[in-house]
Amino acid sequence: MTTMESLIGLVNRIQRACTVLGDYGGGDSTFSSLWEALPSVAVVGGQSSGKSSVLESIVGRDFLPRGSGIVTRRPLVLQLHKTDEGTQEYAEFLHLSKRRFTDFAAVRKEIQDETDRVTGKSKMISPVPIHLSIYSPNVVNLTLIDLPGLTKVAVEGQPESIVEDIENMVRSYVEKPNSIILAISPANQDIATSDAIKLAREVDPQGERTFGVMTKLDLMDKGTNALDVIEGRSYRLQQPWVGVVNRSQADINKNTDMIVARRKEREYFATSPDYGHLANRMGSEYLAKLLSQHLESVIRARIPSITSLINKSIDELESEMDHLGRPLAVDAGAQLYTILELCRAFDRIFKEHLDGGRPGGDRIYGVFDNQLPAALRKLPFDRHLSLQNVRKVVSEADGYQPHLIAPEQGYRRLIEGSLNYFRGPAEASVDAVHFVLKELVRKSLAETQELRRFPSLTAEIAGACNEALERFRDESKKSTLRLVDMESSYLTVEFFRRLPQEVEKPLTPGGKPGNPGGNPAANAAAAMDRYSEGHFRRIGSNVSSYVGMVSDTLRNTIPKAVVHCQVREAKTSLLNHFYIQIGKREGKQLGQLLDEDPALMERRLQCAKRLELYKAARDEVDSVSWVR
């Protein structure tokens, strides 16, 4: 069966885990706060309201620092654990988990020292809580959070903002829907001026979460009492008001035993003519039992929502950790493996771009299908094979001896000059594909989620890829230009053999072929035709036809060479040289490649701490046997 001890103890253990891992409410709103989801009793009161005396009376020990001004400067999470009768009382601090305190004067000093450790000797405040567990047969199972006393003015050594700072800290605890408010007000002051009730009314206007405590009932003016408040007539709460009588200053100065003080408090209410009829519902002992029972019922009601929050948060944090990447190993072998895995992830995305799984690879086909044909069409063959240039080239090729039948040297010069123009489109195709590949590398690096946490490695991979692409481009240019040079090196003879004969036999008057040797005049006319305009036009036309044939050939072969030398190599060996170099590096150099963005490292650290917290909380919840 689920006991009060196990329920409150469960919340105690989770609260301690929260504090160890830095979750004590507020802070980074990116993560859900488990601390804020846990039911707790927040003790609120103005300075000199008797707040410390109430807590000491509940514990039965004199253990809190005392003095003027703001004494409580950090939240004190006070976890009370009831032990068997006759066992020794002792206290433990979360920050000194291996040390037991049996001297409660030493507990008081440690609270003061631990406060100063965070806030310094100044009178500043801090939201980081101190956790104190007290084990005693004289307490009930209960957890209370003692908050700094509300104040209206700053004292010497405090900033002017201290009043607002304290109120904001207290408000952050009491405005949580799972918070039980213990509002402490002195009976010798008007309830309308109570700082605790004023704040409680703001965050809990219906009074559903607020327990009112009236202190100093014994110090009220003679003939007056606080029955209107305690019985709910002047200020009604859904929860009961409880009156307490604390030790007087004289009792404190004399170190009056708290157990004796409890007995005196019982006697006061039992014999009081004003409060005697409420004696069984008055006093610090009743208050402790009332709070313990209520806290247990609230915890029991909130367990399902706490469990749901824990499971949801674990799923979210696991997903976030997967996105951010898990912490890295420190040995060189594991680091090298990590680098190679990251390279493979990038290489896989790069290949998807080339193969069509991701957009971008189609731009390479666009180079071959649009840019290369357009560049070939724009080549200045009309100017090179104009009548004037053909005559000039052919005449210069003949030299002092005109050609006899066909101007072969002139043909060769015209063809070689024309084929030279193909070098430009060939190189341009190589450069265009190179640009596309570089852009795909950039996109692939950006799309490789795993690399985002390693800017140095990303830059190194980018540099290695660009170096490799430069090598592929150089090789591709050599190959494509070699294709052009090959066309110039050996002309296709069959093409010219299929052309009409340059010199035709003259016709006889009957229309039949005659004997040129027998008609010198006809032969002379034919020879003169070799240098006519029609002759040169025919040469230009023949060369143009041949160049067109070569253009069709190169339009098909240049893409093959580019794909073979650039695209195929990029797919198969883009990072091969990088792999060789990385394998030669020492562990320290590998570690430098895996240095992460500090903001990302901090983010992952916070995620890991929260994940550890929620898993510990889940284990705590699972360890308790719930009974509906």
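Predicted model: local features only at pLDDT ≥ 70, side-chain atom pairs only at ≥ 80, totals over all residues.
1. Residues are numbered from 1 along each chain as its sequence is written, and side-chain values use heavy atoms, with hydrogens and water left out.

2. **Confidence.** Helices (H or I, at least four residues) and strands (E, at least two) are DSSP runs, numbered from the N terminus. Among these elements, helix 16 (residues 423-447) has the highest mean pLDDT, 95, while helix 19 (residues 520-529) has the lowest, 50. Residues 502-514 deserve a careful eye: the pLDDT there is below 50, and beyond near neighbours in sequence this stretch has 17 contacts in the model (contact means heavy atoms within 4.5 Å).

3. Nine strands form an open sheet with mixed pairing, in the order 4-3-5-2-6-1-7-8-9; two strands pair if DSSP finds at least two bridges between them. Strand 4 (96-101) and strand 9 (241-243) are the edge strands, each pairing on one side only. From one strand to the next, the twist averages 25 degrees.

4. **Two strand pairs to look at.** Strand 2 (residues 76-82) and strand 6 (residues 142-146) pair in the antiparallel sense over five bridges, and Leu78 has Leu144 in strand 6 as its bridge partner. Strand 3 (residues 90-93) and strand 4 also run antiparallel, joined by two bridges. A hairpin of two residues connects strand 3 to strand 4, and the bridge partner of Ala91 is Phe101 in strand 4.

5. Axes here are lines fitted to C-alpha atoms, for helices over the stretch in contact, and angles run from 0 to 180 degrees between N-to-C directions. The axes of helix 3 and helix 10 (residues 284-324) come within 9 Å and cross at roughly 80 degrees, so the two helices are roughly perpendicular (65 to 115 degrees). Val54, Ser57 and Ile58 of helix 3 meet Ser284, Leu287 and Ala288 of helix 10.

6. **Helix 3 against helix 9.** Helix 3 packs against helix 9 (residues 258-271) at an angle of about 100 degrees, with the axes 9 Å apart. Helix 3 is therefore roughly perpendicular to helix 9. On the helix 3 side the contact is made by Glu56, Ser57, Ile58 and Val59, and on the helix 9 side by Met258, Arg262 and Glu265.

7. **Two buried residues.** Arg74 is buried, with a relative accessible area of 4%; buried means under 20% relative accessible area, exposed over 50%, and partly exposed in between (1.4 Å probe, protein chains only). Leaving aside neighbours within four places in sequence, the contacts of Arg74 include Glu114, Ser126, Pro129 and Asp146. The C-alpha atoms of Arg74 and Met169 are separated by 9.6 Å, although these residues are 95 apart along the chain. Phe93, in strand 3, is buried too, with a relative accessible area of 1%. Not counting residues up to four places away in sequence, Phe93 touches Phe101, Val107, Glu110, Ile111, Ile130, His131 and Leu132.

8. **Backbone points to check.** Most residues other than glycine have a negative phi. Ser48 has a positive phi, near 65 degrees; its place is in the loop between strand 1 and helix 3, and Ser48 is exposed at a relative accessible area of 62%. Lys216 likewise has a positive phi, of about 60 degrees. Lys216 lies in the loop between strand 8 and helix 7 (227-230), and counts as partly exposed at 22% relative accessibility.

Key:
pLDDT = per-residue confidence, 0-100. Parallel < 35°, antiparallel > 145°, perpendicular 65-115°, else oblique.
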